[in-house]
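Walk me through this model.

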Amino acid sequence: MRLRSELFILFLIISVVPLSAVVYISYDYGKEAIRESVMYNLLGATDNTGNAIDNWMDARKDDIRVIAQSRVTLASQKEHFKEFLDTFEREHKGAYMEFYLLDLDGNITFSNLDRTGNESEEIYFIEASKGKTYVSDVYQSNITGAPEIIITSPVNKNGDIEAVLAARVSLENLYRIIEKIDIGKSGEVFIVNQNGDIIFHENRSRILLDNIKNNFAVKEVTYEKNGINEYVNYEGKNVLGSYYWMSLYRWGLIAEQNIDEAYAGILMLGRVLVGISILALMGVIFLAVVVSDNITRPVKSLEEGALGMVRGNFRPIPVASRNEIGRLAEIFNSTAVELLEIRKKLESKIELANKDLEKKNKELIDANKELRKLDELKSDFLSLVSHELKTPLSSMKISTEYLESDANIDPAGRKEIHQIILRNIDRQTRLINDILDLSKIEAGKTELKFEIIGIKELADASYENIKQLAKKKNISITLDIQDNLSPIMADREKLIIVLNNLFENAVKFTPDKGSIILSAREDANGITVIMKDTGIGMEKEKIEKIFDKFYQVDGSSRRKTGGCGLGLSISSEIIKAHESVIHVESEFGKGSTFSFKLKKNG
Ligand code: ADP
């Protein structure tokens, strides 16, 4: 994986893990806080409702108690009492439906509605006749059809209970108070009696007609428990409900709120946190990209620089900062420059070494070629030498055997045979001398004896050696050499060998009646010696080979003209030893010219 990706992932992990933890913890705490606050509010609403009920009921009970204690004396003057009660009823805006007095047998002795009857069996009468102010269960009035309660209180006279005052109290006013308490949009407050009958609901048609004792909160509250809980209510809705048992009236007060609405804050908190997390994640990704980019950019430059260095096209990398990476880049740049210098030096050295190697290789190839050539020459040489030696030896053997076998050979014949033998001995001697001379010269073992000599003198000496042979072939030899030529510094014996060779070849390869001219020309640099004949000449491509050992243009010339192809090799080596070369010009069928230049003395 690339460094940039690794850093990116690392930053992401470093940031996302704590971020997730913070978001999770915040959500958890927030959720709890919201839950607590919702419960607190619901409990508050329940409390408020309970208080409102208590206040209202206390006021009613107080009303009845006060009337029972202080006003019932007016009963003797019934008209006044009735008037008072009517006024009281009006003042309390429909709260009191009826006031009536019961004697201790339960007979209604007075009613402001002029009602009669006996209520001795009713618990509210029994309890009040024992001295208690009592609140009855809620019932539906058979007069108004509305829910009512009866509050009873004992009427005392001189410390004894003389009668019971009862008041039918409409709950409508209480309901209105309860309805005004804010319990949220989906909030629902209802009151049940201990049988689970609804005795208050905003939907009045349900009052005393609906029994919901299976509702969880109703069960709890009718067991006289108080609390708050989440449960599925009688309508199958998930709710948060708070319940409160009002033991004085045997009422269960229940406030329910739809869970979704109650905990809407938690949902909102979740959404807000998800939003914040997405924003934070985007921020973290952006930062991770920027930071990993900033860190890897100089490292990437270093990598590119290093690659450039390897490929030989190094460009200094930018130093973007003064931190460790910046310093590393500086060190890298200076090291790269040094390395490139060293590389250049090494390259030029290698180039030189290569050239040297190439040269040496070429020399080796040449030397090898030379060796092979020498090897071939050696083989040629051996076969030639053995041939050249064998031929005269056979001739000599035949001649000697003949001399021995026939004693009657005449003296002239015997002399001729002796001469044949002698000629062969000469030929062999010459061949062996030639070979020895050449090998000595080539091996540098022949020391030249330089002396001051005149060309004319040398030419004359050589001419003397050849003239008989030329005469035999009717070839004319002309010496075109002036007497007053400057002397030269040369080895006399060796130069005579050269001139003899050139003369011998000229005679050998010039047909009868031809001509040979040996001339010498002097200039500022030296004296050029020229041997020109009108002989058979040579083809151009053969000219350069004639200085090779044992080379003969015409292989059969050995038989015809003698010689073994060493003369020009020897001559060439001698002239080289005089720091000069032999030049040849020749035209096939017309003649050849051999020349060389020698330094003048001094
Ligand atoms: P050799 O004369 O013993 O054969 P050389 O080395 O003197 O050997 O000469 C080599 C060859 O060069 C001869 O065999 C001949 O073919 C050729 N050559 C030399 N001189 C002449 C010449 N003057 N005219 C024509 N051919 C020549």
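V192 sits in strand β7 (residues 188–193). Helices (H or I, at least four residues) and strands (E, at least two) are DSSP runs, numbered from the N terminus. V192 is buried, at 0% relative accessibility. Buried means under 20% relative accessible area, exposed over 50%, and partly exposed in between (1.4 Å probe, protein chains only). V192 and G252 are 60 residues apart in sequence, yet their C-alpha atoms are 5.1 Å apart in space.

This is a predicted model: local features need pLDDT of at least 70, side-chain atom pairs count only at pLDDT 80 or more, and totals for chains, interfaces and linings use all residues. Residues are numbered from 1 along each chain as its sequence is written, and side-chain values use heavy atoms, with hydrogens and water left out.

Now the ligand. It is surrounded by 20 residues, the closest being N505, K508, D533, Q552 and L568. The side chain of N505 places an N or O atom 2.7 Å from a ligand oxygen. For K508, a polar side-chain atom is 2.7 Å from an oxygen atom of the ligand. G567 uses the backbone: an N or O atom there lies 3.3 Å from a ligand oxygen. Taken alone, the ligand exposes 530 Å², and the protein buries 97% of that. Areas come from the Shrake-Rupley method with a 1.4 Å probe; for residues, only the protein chains shown count as cover. The largest share, three residues, comes from α11.

Next, the charges. Side chains of opposite charge can pair when their charged atoms come close. The whole structure has 37 salt bridges. Each is a side-chain nitrogen of Lys or Arg within 4 Å of a carboxyl oxygen of Asp or Glu. D523 pairs with K597, the closest N and O atoms being 2.8 Å apart. D523 lies in the loop between β15 (515–522) and β16 (526–533) and K597 in strand β18, so the pair ties together parts 74 residues apart in sequence. D523 is partly exposed at 34%, and K597 is partly exposed at 29%. Shared partners join E98, R115, E119, E148 and R168 into one salt-bridge network. Within it, R115 and E119 have their closest N and O atoms 3.6 Å apart. R115 is partly exposed at 26%, whereas E119 is buried at 11%.

How values were computed: A residue is near a molecule or strand if one of its heavy atoms lies within 4 Å of it. A polar contact is a pair of N or O atoms within 3.5 Å; within protein, one must be able to donate a hydrogen and the other to accept it, and residues adjacent in sequence count only if both atoms are side-chain atoms.
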